[in-house]
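Read what follows with the sequence and the coordinates open side by side.

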Amino acid sequence: MLEFVFLLPIVMGGAAFFLPVSLGRGILIVAALLHLQLTVMGWLGKLDPYFPDYFSSSPEGLLVLLVTSFIFLFISIYAISYMNETEMQSEHIFISCMLLFLGTMSMVTLADHPIVLWIAIEATTLVSAPLIFINRSKEALEATWKYVLICSVGIALALLGCFFITLAMDIKEIDAPLTFSSLNAVAGQLDPIWLKAGFIFIMIGFGTKMGLAPMHTWLPDAHSQAPSPASALLSGALLNCAFLGIYKVHVLMHVAGLGAYSSNILIGFGLVSMFVAGIFILNQPDYKRLLAYSSVENMGVIAIGVGIGGIALYGAILHLIHHSLIKSSLFLSAGNILLGFGSRLVKKTGNLARLFPKTFVAFFAGFAGVSGFPPFGIFISELLIIMGAFQRGRFVVLAGFIFCLTLVFAGAARIVMRISFANAGEDVLVEERMLRIIPSYVLLLTSIGLFLWMPETIFEVIIDTIKVLGGSVNG
Amino acid sequence: MESLLSFMLALLLAPLFPGIINRTKAFVAGKQGPPLLMKYYTLAKLCRKGSVYSTSSSFVFKMGPTVSFTAALMPLLFIPLAGTAPLFSFHGDVIVLFYIMGIGRFFTIAAALDTASPFEGMGAAREAFFSTLAEATIFAVLILFYRVSGSLSLADYFHGENAVSLAGPTGALLLFVIVAMFMVLLTENSRVPVDDPQTHLELTMIHEVMILDHSGPDLALIELGAFFKLLFYSVFITHLLQPPVPAGILVNGLLFYGILTLVYVAVGVTESTMARFKMNLVPKYILTSFTLVFFAAILTMGFMQ
Amino acid sequence: MINLSDAILVLILLSVLISLESNRMMTLVKIMGLQGVMVSLVPLFLEQHQAIGSGGIIFFQIMILIKGLLIPGLLYFAVQRVAIKREVEPLIGYHASLFFGLIMILVSLFITEKLQLTLPGGHSLLLITAITTLGAGLFLMMSRTKAITQVIGYLMLENGIYLIGTALTKQSHTRYVVEFGVLLDVLVGVMIMGIILNNINRAFDDVDTALLGRLKD
Amino acid sequence: MDTLFYALAVILAGGILPLLLYRQFKVMKAAAVIATVVGSMLGLMALTPALQDTGPPTTTWAWQQFLTLTFSIDSLSVFFLVPIFLICPLAALYGFHYMDKSEEAWRIAVNYCCLSLLIVSMVLVVCADSLITFALAWEVMSLTSYFLVVHEFHKKETRAAGYLYFVFAQAGAMCIFAAFGLIYSVTGSFSFDGLDQLSSPLKLAVFILTLLGFGSKAGIFPLHIWLPHAHPAAPSHISAVMSGVMIKMGIYGIFRFYTLLGDTSMLPGQIILAVGMASGVLGVVYALGKHDIKRLLAYHSVENIGIILIGAGLGMIGVATGNATMAIFGFAGSLLHVLNHSIFKSLLFMGAGAVLQKTRTRHVDELGGLIKRMPTTGRTFLVGSISISGLPPFNGFISEFLIYFAAFQGLTLPGISFLFASLAIISLAVIGGLAAACFTKVVGIVFLGEPRSEAAARASEVQASMTLPLLLLAVLCLVIGIFPAPFVELAFFGLRDMAMIGAIEPGTGQVLISNLAFAARLFLGILLGVTLLRRVLYAGKEIASGPTWGCGFTQPNVRMQYTGTSYAMSIVEFFQPFVSIRTVYSGIRRIFPGATTYETRVDDIAEIGMHRYLLQPLVKILDRLRWIQHGHIQLYIGYIVLTIVVLLLVF
């Protein structure tokens, strides 16, 4: 039963809330492992949905699910050491919410019914809110408040979008179940005006959640204030889930013959996101916010890649996978830095290379990876997006894309170099621990591994994903 | 064989011509002046002496005179003298020669700096600056010559089928070259109005100050090298002025040395009638020569098409 | 029947307008409760939703319970615990707000007119009400400083969207299970917001969003 | 090809071994050096078969399902591989004693690792035969060289330099990627084939994009800004590799894409020539104005890149106008200068490194008299200086001569090409003169005269592993100068596979080259003769030594020596509008004046321009936009509403 994939973590999360803390940590790891196993079973096609009206395993969903499940496992390992170090007070809430978060995200990836998808995405907001304000500082509360409210408003608008799509069906008197699969089948007959309106609202709604500018405003706050494992999850997994919602509707638009329209909107949002991220990455005083804005930028890259289509679409999907791996690793490293220096401010840190050599390697490698240097996959994805953009003749977009990439790189490099090399005191609050180093290394190595050798199954699933949109690796 | 003889003769005569300059100057000033063979006496005296070396200096200081002498000698091997073909010649030799003169300058300057004397450093700086500018003029001349004669060797310039000459189709342009080369001659050989070899204040010198610390045979090599260099430039100008006479070698030779003497006299007259420029006017002066030639080179576009 | 549904819609509109000019927190919460009940009732009186099974009846009962009682109740407690000053504290004055409400109605009228061509007829008032509610909800969130007002604005937005949903779509698609899920999300959302508000209040001694402006660039 | 990969494997081993062995400091360094040297020799051996026939077949590896990594060697690659395999092992060897702080073992191990990765990536850049392969190798090269630059990261200026380099490298890479995208959009494949099918405006676009990308790596004016910062910041043997070899990868890129595009119009040549002249002249003028010895050398790299590009530009114009001789000699001179520059520039950087290691200062005006204290370093540096000034009988002259020759060929062309050719000649002449002026300054101030500081007075000769590379390189300079024929042949060979030039007949330029060699030998012969003559003249004479004649002043001291600053100032002032000179002078005040200061700084107009007209306005605008994230939730919701309204209205 496919639904186990999300039911399992939800049930275990509920259980963890009531069980003693010592047991909770075990549950976290066990749930993560079981979830990964279920995911793999889902990949192998061993699981069939029990409610096919609501859930199904789409290739794009499976991809996001796998990424989510994979990074969750390592983040949870990290989280255990992290919780130890910070002496977290409400640990049972944290563990329980982590698991619920995983469950709701898995639900997003498997949802086939627009409104079920909507429910799942809204649920991710709600269960992740406690993760952010777990330490109840003023800033964390503020961040959570903004997160919950802005995302709720945004997602509410997405509901409106869902209704519009339903309407697009009703007006033409089409009688088909309201699932993405069946909608795609009848897409050609849908009413284009309402479909467009639906797309706009869903784009804005889920775009808020995905962190596309100018609806991204909650993101830097929430990502910077959340404890690092939670930030890693938010950035590495949650944004993808929101993207999935947009992607599915974009596919619908494409099948309905409105692909150009939705592509343009995606590209527009993508460019704005990259530019806005660039503004704030330059001279950013807080390194966790830096990473958060970098997520905004990368979501922009993905949106542009999807909007351009063709080979860029493959690049976008690849970007999504690698960004998740690298960014979550970066957030984990940032967590170590935060523990070590006790401050999120760049100017309070420095000399990572000497004080925390292992963290430094992970942090800098992550930065190089996210900036598109080999041997990390973002190198390929960005190259493919650039090539795709030329192929589709989108020169202006490309100019903006390249400008923003350079801007972001210039801004981030300065800060990363400062953290890594600048002179700083020798005081270290918390030493590095292998348990908090290994996860970030594994995530990076996975990206390197996928760069060197892409497993055939994953490749095929990506091709399946982008086939609908006319994307292929042959241009 | 006659090339070799002619070359030897030129080498022998080289110290004579500066004597002519001095006599000219003396004549204009209404003085008796030093004997015509004065420079020979000086060289002989220097060769008899020993040397004092500064404790600051190194082997570079001793290499300076040798290299600069060699560099001054080389061009004379390649330029036609008195109607005879040069000893050596190949396509492109001009570039090599001017660069070889460059290495001579390099070592002269290095030797000057090796003495740790502020005055010599000052002279070296000026030498480096002015000769760079003069180089631009020289290469502009080469451009013009290439347009006119299509060759890159001294022998072809002055002896070949398409030899450059005032009588040729582009003769008018050569007037520019003659004036400019004369200006370069004065610059490269540290004559008035660029430099004053007779001055007594080290601060205002260029070339003379650079060799202040040399003595004995080293100084003799430098002096002789300077005469060769002056001879080379004068010969260059002489060739431009010399009318093509279809006569024997002897007539041509005499005509050549006659015009050569006139060039030296002209240098002497210039020195007598002009004052030395202020240092900051020198670049302008050299640039003028460059402009003249470059203008002429551009004009060839009209002639050639 | 139509008259009855129209009456409800007019009541909703009225509640929107009153909420815009209301200056007391408690009033606002009460109005929200009323609006919740009204909104839940609307589908019952619409023609195409005549055939409602027993599941439907249960669903609507739950919905009235949640929207009319549970959520306002939560808000009520929140206001009691949290808000020391019971004033709404607008960024944009009450009269201007009311004026905005009227403009919003006009805008909705205009939009509805424009959309008439592509819509199955008969819902113009419903659509006007829905859009006005939606717009007013957003307006409340933007123009009030108190955090609780923003929750209320969110609820109003939700109500508006729900109304549009009922107005535009056939019931056959949105099964009750799904709608229940949506409702649950809203409920949990408000609960979470309440918890955060409570925490904010403890940390800041107030829930004025002016205090919530420390995170910026 | 296999041998080449074995060579790379050995070099890579030389990078990985130090990471494992870093606890044994000496062993670690020795392992790295031996592996690098052996690997490079293997690599050179791998080139020999390629020199004879058409080279080994293409090697292809499938990658990522739909991509292929393709490597092949053609004659151009062979030519560029030579300096890589020549200079890098010497640099590694030099590093053995240059990096002598055993407490920094781990960092030095990382340095060796990055160096070996850099070597490998450069080799792969040169061998890459598809867009994606090239991009991959290029990026690895940028990343590893960045790490090499920030080796001494505890210094603030090193970090700043590293940052600048990193940003330029990435921005340049973006331009290259854009060019690749443009190519891909037409050919639809990642291979290098079919580039000549592009329409001519597209060719020009690709050309300009690649020029921006490769130019920023090569350090053409005004994209050279990173270079004078990064090269001084890096350890000296790394500067040698970067300046001697790595920036040539930019030149390689320009050559490669020119060949692939097969664009025979005039414009590319004219652009390259103009860029080359600007870089050449301004590079050397700025070099004159700098007093940091490594920064000065870095500006000379800009100058030499300029000379190389002048050659290439002349070659391109030759191709465009069908003047085969001009094309061949222009390109050949350009290529040969690539090799020559890699030799003498790495020699000079290593020499500067030796000075730096012994005196701990890079400031020219604090040195002096080192040739007596560091004889080998001083002599080899002198050789390098003469070579870089392009003076015979050393190697720099040979390549400059070829370029001159091409330029003179261009004089027969009509109209604008004639102007370009004559400007090229004048620029070369001016560059030559100024370079000589600059290096007389360096040699004269640093190595000759009296030491200007305690540190310089106490300096001593460096260890064998550092002098050996210096000697080898100096000998190489002289060998190429006196026996140029095989090296010119190599340059011609490098052009063999450049289709647009046409077949080069064997023996092209043979007479010319033998004449050049003859002139050089003649010069040396006469010099020898004159030296003997001098011996004879001095035989039995009294040689005394005493203080320098102070022109009447009896108490000269070392501080009275002429400084590098004053030496160069009048020349730099001559180029004033293109050079910004800032003077800070406190002036003499009061009747009994106290201490006064006088300071001049020569600034790069490209740098000033970039700051004033590009960065500052940009940062200002972006800073203004920061209010977007204003902190208040009402505004944030407003953004969402606004977005809806805009989207609904616009679409």
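How many residues does the contact take from chain A and from chain D? The model is a predicted one, and in it chain A supplies 46 residues to this contact while chain D supplies 43 residues. On the side of chain A that touches chain D, the elements giving two or more residues are α6 (138–171), α8 (192–210), α11 (259–281), α16 (378–391) and α17 (395–421) of chain A. Of these, α17(A) has the largest share, with 10 residues. Sorted by class, this side of chain A has 35 nonpolar, eight polar and three charged residues.

Chain A also carries a record annotation. An unreviewed UniProt entry lists residues 113–399 of chain A as "domain: NADH:quinone oxidoreductase/Mrp antiporter transmembrane". In the model, residues 113–399 of chain A are 79% helix and 0% strand.

The next contact is the one between chains B and D. Four pairs of chains touch, and the pair of chains B and D has the most contacts among them. Chain B contributes 62 residues here and chain D contributes 64 residues. The elements of chain B that give two or more residues to the side touching chain D are β1 (51–54), α4 (59–78), α5 (93–114), α6 (118–149), α10 (216–241) and α12 (282–304). The element that gives the most to this side is α6(B), with 17 residues. The class count for the side of chain B that touches chain D is 38 nonpolar, 18 polar and six charged residues.

One strand in that list, β1(B), also pairs across the chain boundary. It runs parallel to strand β3 (residues 543–546) of chain D, and four bridges join the two. S51(B) has I543(D) as its bridge partner in β3(D).

Other pairs of chains are apart. Chain A and chain B have no contact, and their closest C-alpha atoms lie 41 Å apart. Chain B and chain C do not touch either, with 54 Å between their nearest C-alpha atoms.

The axes of helix α1 (residues 2–21) of chain D and helix α2 (residues 25–52) of chain D come within 8 Å and cross at roughly 175°. Since angles over 145 degrees count as roughly antiparallel, α1(D) is therefore roughly antiparallel to α2(D). The contact of α1(D) with α2(D) consists of 19 nonpolar, six polar and no charged residues.

A strand pair is also found in chain D. Strands β1 (residues 59–63) and β2 (residues 67–71) of chain D run antiparallel and are joined by five bridges. Within this pair, A62(D) has T68(D) in β2(D) as its bridge partner. The hairpin of β1(D) and β2(D) has three residues between the strands, and Q64(D) takes a positive phi near 55°.

How is chain D divided into domains? Domain 1 covers 2–505, and domain 2 is made of 575–587 + 595–650. The C-alpha centres of domain 1 and domain 2 of chain D are 33 Å apart. Nine residues of domain 1 of chain D are in contact with nine residues of domain 2 of chain D. On the domain 1 side of this contact there are six nonpolar residues, two polar and one charged.

Definitions and conventions. Residues numbered from 1 in each chain as written. Chains lettered and ligands numbered in written order. Predicted model: local features only at pLDDT ≥ 70, side-chain atom pairs only at ≥ 80, totals over all residues. Contact = placed C-beta atoms within 7 Å. Nonpolar A, V, L, I, M, F, W, Y, C, P; charged D, E, K, R; others polar. Pairing = 2+ DSSP bridges. Axes fitted to C-alpha atoms, helices over the stretch in contact; angles between N-to-C directions. Parallel < 35°, antiparallel > 145°, perpendicular 65-115°, else oblique. UniProt positions renumbered as here; feature names shortened; annotations may be inferred. Domains from an automatic or database assignment.
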